[in-house]
Amino acid sequence: MPLVELRREDTVRTITLNAPDRLNALDWPLLQELRAAVESVAADDEARALVVTGAGKAFCSGANLESLFGDTSRPADVLREHLMNVYSSFLGIRNLSIPTIAAVQGAAVGAGLNIALACDVIIAGPQAGFGPTFSRIGLHPGGGCTWMLTQRIGSANTAAALFNGDIIDAETGLRLGIAQEIDKDPKARAAVLAQSWAKRNPKLMADIKKSVGVAARSDLHESLNFESWAQAESLSSEEFAAFAAKFASR
């Protein structure tokens, strides 16, 4: 049985962490399969949207520490290189040009939280729990957690979350902005969104995703610079032409 399943349905792709007996805890074999699945989606010209989720009651309970970290007595520079290799196994999700949705039905802890944060949008179930728990085990956050949380909820909220190391429930996660929706069936809701977004112009959706990234890291001038080019190009799209013609005929 694969540790990571990649399902193709029309133009929607779904990656499922598939080790429910251990709450989808991350070890090297699972991360290698995850990397391969993400790379497969990246190379798939027919893919228009991606859902990432976990089998069973948890999204991902975090890292199998012994498997992922190995000999922690190695020099810091060696460990750092090792950790960067760990991070790259799931951060490839951020580099995808298509919309990505995490369907988080249960616990998303530590590195598991990072996988959810790597997606553009998070749909939480009522039992979802977001766990930036690093400080509770004497570990500095890694895998882009500090940056991705700050992008979503701001520096003060991120500092509080990382200092506390508590599990953040679904309602609090929604209020803070970690999750964008709560649904009793987050996988079904994520699938509906993915199917809807997958039907839209892929160039437009890719440019919107890029535009959000530009806005997050730059000033208004740079954002307007990209928006003006992207909007100018979209004016010649078939979809906009059809809308304009329908509007003109009113």
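A residue is called buried here when its relative accessible area is under 20%, exposed when that area is over 50%, and partly exposed in between, with a 1.4 Å probe and protein chains only. The structure is a predicted model, in which local features need pLDDT of at least 70 and side-chain atom pairs count only at pLDDT 80 or more, while totals for chains, interfaces and linings use all residues. Residues are numbered from 1 along each chain as its sequence is written, and side-chain values use heavy atoms, with hydrogens and water left out.

Begin by selecting residues 76-95, which form helix α3; helices (H or I, at least four residues) and strands (E, at least two) are DSSP runs, numbered from the N terminus. From its first C-alpha to its last, α3 reaches 27 Å with its 20 residues, close to the 28 Å expected at 1.5 Å a residue, where the expected span is 1.5 Å times one less than the number of residues. Look next at Ser89, where α3 bends by about 45°, the bend being the angle between axes fitted to the seven residues ending there and the seven starting there. Ser89 is also one of the buried residues of α3, which include Leu79, His82 and Phe90. The buried residues of α3 pack against several elements, among them α1 (28-42), β3 (49-54) and β4 (100-104), with contact meaning heavy atoms within 4.5 Å.

Now select α1, whose 15 residues reach 21 Å from the first C-alpha to the last. Its buried residues include Trp28, Leu34 and Val41, and the partners against which the buried residues of α1 pack include β1 (4-9), β2 (12-17) and α3.

Move on to β4, where 5 of 5 residues are buried. Thr100, Ala102 and Val104 point one way from this strand, and Ile101 and Ala103 point the other way. Strands pair if DSSP finds at least two bridges between them; β3 and β4 run parallel and are joined by 4 bridges, with Leu50 opposite Thr100. Another 4 bridges join β4 to β6 (residues 121-124), also in parallel, and there Val121 is the bridge partner of Ile101.

Finally, select Cys60, which is buried with a relative accessible area of 0%. Its sulfur is 12 Å from the closest cysteine sulfur, in Cys119, which is too far for a bond. A disulfide is a pair of cysteine sulfur atoms within 2.5 Å, and a search of the whole structure finds 0 of them. Cys119 counts as buried too, at 2% relative accessibility.
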